[in-house]
Amino acid sequence: MMDQATARKLQQVGKAFHLPGPFFSYEEILNGNVNRTYKVNYISDDGTGMAVIKPYLVQKINSYAFHNPDELMSNIDRVTEFIRTKRPDKTCMHFHHTDVTGERKTYLEEGDSFWRIYKYIAAETVNKCDDPLIVRRAGKAFGDFQMVLSDFDVSQLFYTIPDFHDTRKRYEKLIADANADPCGRVAEVRAELDYLFSVQQQACRLTDLYNEGKLPLRVTHNDTKINNVLFDEKTHEPLVVIDLDTVMPGLVGHDFGDGIRFAANFTEEDAEDTTKTGVDLNIFFAFADGFLSETAKMLTEEEVDTLALSCFAITCELATRFLDDYLIGDKYFKVKRAKHNLIRTRCQVALAKDMQTKLDAMDAIVKSCVKKYR
Ligand code: GN1
Ligand code: MG
């Protein structure tokens, strides 16, 4: 269903980016938890005089999460340009430009929000997948992303969200907000708080190792959900990794851990019924095998040793983020149902508990894949 106000807004944005042809329709893409994304269709000429639909991807960036559009777009521009130069034949993300004040920009600022438009890439995506072959391909795509950027100068990148994966700081914020309890929700979440604080040391181990100088800083994607890989509709091979908003300096474990957290969970990340929530070790194997087929040779021993732990760390970290957002009144993540952030927290807690029992198995799989690809 199109809503008239949204349609008008999208047309106005399209105009600022000089999209040609009359606006026809839009649909919202509901995958993301932070930004708003629309597929917007314009009527266009196919070059022979025939009218066809030309789609664009229009996004409204969440300015509560991202404060600095210049830095955000600078990171994306630099990284996509670097990849394009190295691999001119591969599919890459392209942005449209505005010319609002005589200045070409890849975003349109409007009050406290900003918009951008991508060239639409026709492709398949998967959200939940129990096919190991597809998951392996997604893992390989994220490993390849890591590799293609392995000689990119990390110091050129801004921290678009400061301390994004500083698990210690995430815990500090959670405790401060739990103490303040601005919405009176703490009583309801005691069990989740107790669990998260009981595992705090282990959850923060990855952050601590980095702060002790034991892990190298790399260019990381930082949102390695398999639905951020576009697959070719015919060959079902990965085309391109998308959603580069959180590309920042980071640890390899952030990308590996988040990929597993999302892909290898038996349930969706916000399942209300968590009786089945946990790590599917077959899917874990598939993602690890794909990711490590690309990265094994490059990783240090210390990094390899942290990969299984990183899955647990990222899962606990995301649980603290969802829970914190619940406590402060759902300001950061889009909520699609009542108590959505609490449901998400409970699901991540259930996943973390299951991961604790499987850490040794996960570590053994990682080590066997590393051995195979070295
Ligand atoms: C957010 O909006 P989306 O789906 O791209 C979040 C990630 C979380 C993820 C959990 C900028 O990503 O960090 O892991 O939700 N992105 C940001 O699904 O905070
Ligand atoms: Mg994202």
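Q: How many residues of domain 2 are in contact with 29 residues of domain 1?
A: In this predicted model, the chain is divided into domain 1 (4–119) and domain 2 (132–373), with bounds that come from an automatic or database domain assignment. Contact means heavy atoms within 4.5 Å, and the 29 residues of domain 1 meet, on the side of domain 2, 32 residues.

Q: What distance separates the centres of domain 1 and domain 2?
A: The centres are taken over C-alpha atoms, and between domain 1 and domain 2 they are separated by 27 Å.
Residues are numbered from 1 along each chain as its sequence is written, and ligands are numbered from 1 in the order in which they are written. Local features need pLDDT of at least 70, while side-chain atom pairs count only at pLDDT 80 or more and totals for chains, interfaces and linings use all residues, and side-chain values use heavy atoms, with hydrogens and water left out.
A: Domain 1 and domain 2 each give at least three residues to the shell around ligand 1. With a heavy atom within 4 Å as the limit, and with Asn33 and Tyr332 among the closest, the surrounding residues number 16.

Q: Which side chain has an N or O atom 2.5 Å from an oxygen atom of ligand 1?
A: The side chain of asparagine 33 has such an atom at 2.7 Å. The one at 2.5 Å belongs to tyrosine 332.

Conventions:
A polar contact is a pair of N or O atoms within 3.5 Å; within protein, one must be able to donate a hydrogen and the other to accept it, and residues adjacent in sequence count only if both atoms are side-chain atoms.
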